[in-house]
Amino acid sequence: MSNETDATIEMYGADWCGDCKRAKAALDRFGAPYHWHDIEQEDGAADKAVSISGQKHIPVVQFSDGSFQVEPSANDLQAKLVELGQLAK
């Protein structure tokens with residue numbers, strides 16, 4: 001999806017990253033808009049991901065409330081979207 005105009009989620013990762021692909025697929029499946037930041041292509045994206053999470057693991061998914069998840073499972077993402085009211089239970 002990656003609908004940047006309505007994005008409330010910022011995701012930092014890389015195209016070769018399996019966990020990133022799974023997180024993107026889960027957000028697409030849940031219909032959650034997000035803005036994708038490729039840490040290898042976008043200047044400053046890798047540093048921003050580290051500044052958010054304090055670590056170099058990806059993906060880093062930052063939500064509208066300022067919270068973030070690192071290497072989240074689909075269940076983790078779903079639970080957070082429900083908590084934020086962006087997804088029905």
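I take a salt bridge to be a side-chain nitrogen of Lys or Arg within 4 Å of a carboxyl oxygen of Asp or Glu.

**Entry 1: the model.** I note that this is a predicted model, in which local features need pLDDT of at least 70 and side-chain atom pairs count only at pLDDT 80 or more, while totals for chains, interfaces and linings use all residues. Residues are numbered from 1 along each chain as its sequence is written, and side-chain values use heavy atoms, with hydrogens and water left out.

**Entry 2: salt bridges.** I searched the whole structure and found 3 salt bridges. Asp65 forms one of them with Lys80, the closest N and O atoms being 2.8 Å apart. Asp65 lies in the loop between β3 and β4 and Lys80 in helix α3 (residues 74-83), so the pair ties together parts that are 15 residues apart in sequence. I use helix for a DSSP run of H or I of at least four residues and strand for a run of E of at least two, each numbered from the N terminus.

I then looked up accessibility, where buried means under 20% relative accessible area, exposed over 50%, and partly exposed in between (1.4 Å probe, protein chains only). Lys80 is buried at 10%, whereas Asp65 is partly exposed at 41%. Lys80 also meets the side chain of Glu83 in a salt bridge (2.9 Å, N to O). Glu83 and Lys80 both lie in α3, 3 residues apart, about one turn of the helix. Glu83 is exposed, with a relative accessible area of 57%. I record Asp65, Lys80 and Glu83 as linked in a network of salt bridges.

Asp19 is partly exposed at 28%, and Arg22 is exposed at 53%.

**Entry 3: the sheet.** I traced an open sheet of 4 strands in the order β2-β1-β3-β4, with mixed pairing. Two strands pair if DSSP finds at least two bridges between them. β2 (34-38) and β4 (68-70) stand at the edges with a single partner strand each, so one side of each has no neighbour in the sheet. Neighbouring strands are turned by 15 degrees against each other on average, direction ignored. Strand β3 (residues 60-62) and β4 run antiparallel and are joined by 3 bridges. I found Val70 in β4 to be the bridge partner of Val60.

Helix α1 (residues 18-30) packs on this sheet, touching β1 (9-13) and β2, and its direction makes about 160 degrees with that of β1. Contact here means heavy atoms within 4.5 Å. Axes are lines fitted to C-alpha atoms, for helices over the stretch in contact, and angles run from 0 to 180 degrees between N-to-C directions.

**Entry 4: α1 against α3.** I found α1 and α3 packed at an angle of about 40 degrees, with their axes 9 Å apart. That makes α1 oblique to α3; angles under 35 degrees count as roughly parallel, over 145 as roughly antiparallel, 65 to 115 as roughly perpendicular and the rest as oblique. Ala23, Ala26, Leu27, Arg29 and Phe30 in α1 meet Ala74, Leu77, Gln78 and Leu81 in α3.

**Entry 5: Gly54.** I located Gly54 in the loop between α2 (45-53) and β3. Gly54 is exposed, at 62% relative accessibility. From Glu42, Gly54 is 12 residues away in sequence and 19 Å away in space, C-alpha to C-alpha.
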